[in-house]
Amino acid sequence: MNCEKMKLLALLPYLAPLASAAVISNANQPITYDGYKVFRVLTHGQGEEIERQLQSLKAVQYNLNTQTNIEIAVAPEDLKKFEQMELDFQLLDEDLGVSIRAEGGFYPGGEMRIASTPNWRRPGALPDKNWFQSYHSFDDHLKWLDDVQAAFSSNSELINVGKSSEGRPLKGIHLWGQGGKGSKPAVLWHGTVHAREWISTMTVEYLTWNLVNGHLNKDKTITDIIDKNDFYIIPVVNPDGFVYTQTTNRLWRKNRLKHPSSSCVGTDMNRNWPYQWNVTGGSSTSPCDETFRGLEPGNTVEIQALVAHSRELVAGKGIKKYIDWHSFSQLILLPYGYDCKKRVENYERQIALAQGTAKAIKATARGLGSTFTPGETCPDLYKAVGGSTDYMQDMSKAEISWCIELHPSGGGASGFVLPPSKIMSSVTEIWNGMMWLLPNMNK
Ligand SMILES: [Zn+2]
């Protein structure tokens, strides 16, 4: 989550998180969340007061805007205290620890034993589609990229745009068509900037897999899409945070950069882009907060690498289509986050494209498509400053610059902890959306 908007809050029954996991998010010991119960507390206009009350609990709060409700995971030792508050609530998850284990990708203590789908590797060929039936370790994501590239070697190369603060690669893949490498404007996709938003990794990879598979099978529409765009796709731009969600804290959001003046770890990379970084509101100056913006604009090595990469693309054929993939809430959000009164210059075009994309997602076969809400610029945006989409809009001059918040629309624990059985339906509908968007932008 990154690009929350106040107005959308009014439209939607529920809008998820900027979690403020103040109580436990900085612990160094693995957290299983066993026995945590997730509640939606209805606030009836008393949001601030109820939030203050809840802050006395050992808990993780999922959403910052408390206008209609607060979703919160409460630790077992404080459940009684919570009940005694006599709030109006619904139970969303009986045991968050059980949900996390059922997801199959979290193993506390640093030992990586991810329950990866067996036999997804097919030497010399594109990885098996069963890859999308489970979540995977970071190392497997790297191997997966290798295999995709090897299967499409004449029209792709691996890209390594830099390293994380703990030395992991920011690795991706570049695809091109008949015009040759770097001959067309860029489609740039970033996944997993917020560590816990695992469905974003799988989505970006599914889009990649389908593009390559379509081209290998000589699908005319897909080949045409690749011929008209150079794709630069980085499924995990925050690898340290991602690994940390698999070993220590499933609900970790930031990167893992240490601070000289604080024992709290991590910067919210999506508040660290060097553009309108110090606008008041919309990010935090406290290293312990989930939206900590960093010590200086673009001071995280990951953002420095992504900025350098985007500049390279701008100096080439330019960046035409940028999407930063997040979860959750089912929103398609345009800039700006930093200025609530300002609209993007090509607003009418961007919002029409967002509406068309949402419609294509919804039209997914057998009535399985979800409702995605395009974000509109309005005077009462929820401010989020130093974000990627504002940067790509104004600094990289992208034609569209979106943050897409993926499945689900809400629902407590399952918000970030989406069961593996939901991966395929979630990524399929997004593919449908892109298969409308990309050809329409090429016209
Ligand atoms: Zn996010």
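Predicted model: local features only at pLDDT ≥ 70, side-chain atom pairs only at ≥ 80, totals over all residues.
Residues are numbered from 1 along each chain as its sequence is written, and side-chain values use heavy atoms, with hydrogens and water left out. Local features require pLDDT of at least 70 and side-chain atom pairs count only at pLDDT 80 or more, whereas totals for chains, interfaces and linings use all residues.

The chain contains 12 helices and 12 strands, taken as DSSP runs numbered from the N terminus (helices, H or I, at least four residues; strands, E, at least two). Of its 443 residues, 62% are buried, that is, under 20% relative accessible area with a 1.4 Å probe, protein chains only. Among contacts (heavy atoms within 4.5 Å) with a separation of 6 or more, 75% are between residues 24 or more positions apart. The accessible surface, computed by the Shrake-Rupley method with a 1.4 Å probe, amounts to about 16,500 Å², and carbon and sulfur atoms contribute 50% of this surface.

The largest nonpolar core comprises 84 residues; such a core is a set of buried Ala, Val, Leu, Ile, Met, Phe, Trp, Tyr and Cys residues joined through side-chain atoms within 4.5 Å. Trp189, Phe231, Trp325, Trp402 and Met434 touch the most other members. Helix α6 (residues 198-216) gives the most to this core, namely 9 residues. Beyond its neighbours within four places in sequence, Trp189 contacts residues including Leu207 and Leu211, Phe231, Ile323, Trp325, Met434 and Leu438. Another core, of 15 residues, lies apart from the largest one and includes Ile31, Val60, Tyr62 and Val417.

Aromatic pairs number 19 in the structure, a pair being rings of Phe, Tyr and Trp (its six-membered ring) with centres within 6.5 Å. The ring centres of Trp131 and Trp144 are 5.7 Å apart and the planes lie at 20 degrees, so this pair is stacked (planes under 30 degrees apart; over 60 is edge-to-face and the rest tilted). Trp131 lies in the loop between α4 and α5 and Trp144 in helix α5, 13 residues apart; both residues are buried. Ring pairs join Trp131 and Trp144 with Trp120, Phe132, Tyr206 and Trp209 in a cluster.

His136 is located in the loop between α4 (96-103) and α5 (138-151). This histidine counts as buried because its relative accessibility is 0%. The His136 side chain reaches the backbone oxygen of Ser134 at 2.9 Å.

Charged side chains also lie over aromatic faces: Arg250 over Trp198, at 3.6 Å from the ring centre, and Lys342 over Tyr336, at 4.8 Å. The criterion places NZ of Lys or CZ of Arg within 6 Å of the ring centre and within 35 degrees of the ring normal.

Definitions and conventions: Buried < 20%, exposed > 50% of the residue type's maximum accessible area, 1.4 Å probe, protein only. Polar contact = N/O pair within 3.5 Å; in protein donor to acceptor, adjacent residues only side chain to side chain.
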